[in-house]
Each structure stands twice: as C-alpha cells, then as structure tokens.
Amino acid sequence: MELNALYNQIIVENSRSGQNRHKVAEATASLEGVNPSCGDDIILELRVKDGIIEDAGFTGEGCAISQASASLMIDLILGKPVEEAQKLLQTFLGMIKGEISDEEQLEFLEDAIALKGISHMPGRVKCAVLPWHTLMGILDEKETENK
C-alpha cells in the first residue's frame, strides 16, 4: 500500500472512530476549541493525576481532519506525563508548520504523522491543529495553576 493511501486510511478511520469521543469522568480540565472559519467545535477533557494524563476524551462536531486529529492526539497523550504531552504537542505543531521534517524526530508522533501532508493545504491546517491548540490551552492553564 502506498504511504499516502495508508495515511488517508488512518485519517478516515480515526475521524469515524468513537474510541476517544466521550466525556471524561472526574475531568480535572476542560476547554472548548472552535474554528469559526469552518465550523469545527470540540470540547477536550482531561483527567490529570500526579502529572500523568490518566484519561482524555473529546466531544463536538467538525470535519474529518479535526476529528481524526483529536482522536490521534488522545491516543498519543493518554497515560503520558504532562511534560511528554507538551513535547509531543510542540513536535506536532512543528511538523504541521513545516519546521520539523526529520523522520527520526517525527516517529514519536506515531499515527499522528498521517497528518503531515496537511501542512501543504493551508485551508486545512486550522482543522488539524484545533485539538492540539486546545490541548495547549489546557496544559498552559494547568501549568499556571501549579505555580
């Protein structure tokens, strides 16, 4: 199977999957992310305990790219320390901005690397980064709370 076809399959499967589409019981953080230009609207919820992301989920509506990106992001950060999630977040944003293209650096993104081609579609970049920017807002808020 060609790499682009595999990436497309990953995006389609994750956009339709309900695996990470849920409210989080006893969430410690919640934030809404909205992309008014295309109507994407998600609510990201996390349960963080002792610096570890114990559970994460999202609800909302949006295009296949935003929904797949949210699901892939949650798969990636679940069970990880907040500091590692922040590094993954910066790596993902660097990939989408075209600042990071080294495959060795990107391998930590696992299936989320399927969104790499979005960087060449300016109209879809906002869709792909919406969940990640929402995560950034939550993590920045949590960091401020801990100071």
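**Note on the core, the aromatic pair and the sheet**

1. The largest nonpolar core holds 43 residues. Leu46 and Phe92 have the most contacts inside it. At least two residues of this core come from each of helix H1 (3-16), strand S2 (40-49), strand S3 (52-61), helix H2 (64-77), helix H3 (82-96) and helix H5 (122-145). Bear in mind that this is a predicted model.

2. Look next at Phe92. Leaving aside residues up to four places away in sequence, Phe92 touches Ser69, Leu109, Ala112, Leu115, Ala128, Val129 and Trp132. Both Phe92 and Trp132 are buried.

3. How many aromatic pairs does a search of the whole structure find? One. Phe92 and Trp132 form a stacked pair, with 4.0 Å centre to centre and 5 degrees between the planes. Phe92 lies in helix H3 and Trp132 in helix H5, so the pair ties together parts that are 40 residues apart in sequence.

4. Now the sheet. Three strands form an open sheet, ordered S1-S2-S3, with antiparallel pairing. Strand S1 (29-35) and S3 stand at the edges with a single partner strand each, so one side of each has no neighbour in the sheet. Neighbouring strands are turned by 20 degrees against each other on average, direction ignored.

5. S1 and S2 pair in the antiparallel sense over seven bridges. Ala29 stands opposite Leu46 in S2. Leu46 is also one of the residues with the most contacts inside the largest nonpolar core.

6. Which strands does H2 touch as it packs on the sheet? S2 and S3. The direction of H2 makes about 170 degrees with that of S3.

Technical notes:
Residues numbered from 1 in each chain as written. Predicted model: local features only at pLDDT ≥ 70, side-chain atom pairs only at ≥ 80, totals over all residues. Heavy atoms only, no water. Core = buried A, V, L, I, M, F, W, Y, C linked by side-chain atoms within 4.5 Å. Buried < 20%, exposed > 50% of the residue type's maximum accessible area, 1.4 Å probe, protein only. Helix = DSSP H or I, 4+ residues; strand = E, 2+ residues; numbered from the N terminus. Contact = heavy atoms within 4.5 Å. Phe/Tyr/Trp six-rings, centres within 6.5 Å; stacked < 30°, edge-to-face > 60°. Pairing = 2+ DSSP bridges. Axes fitted to C-alpha atoms, helices over the stretch in contact; angles between N-to-C directions.
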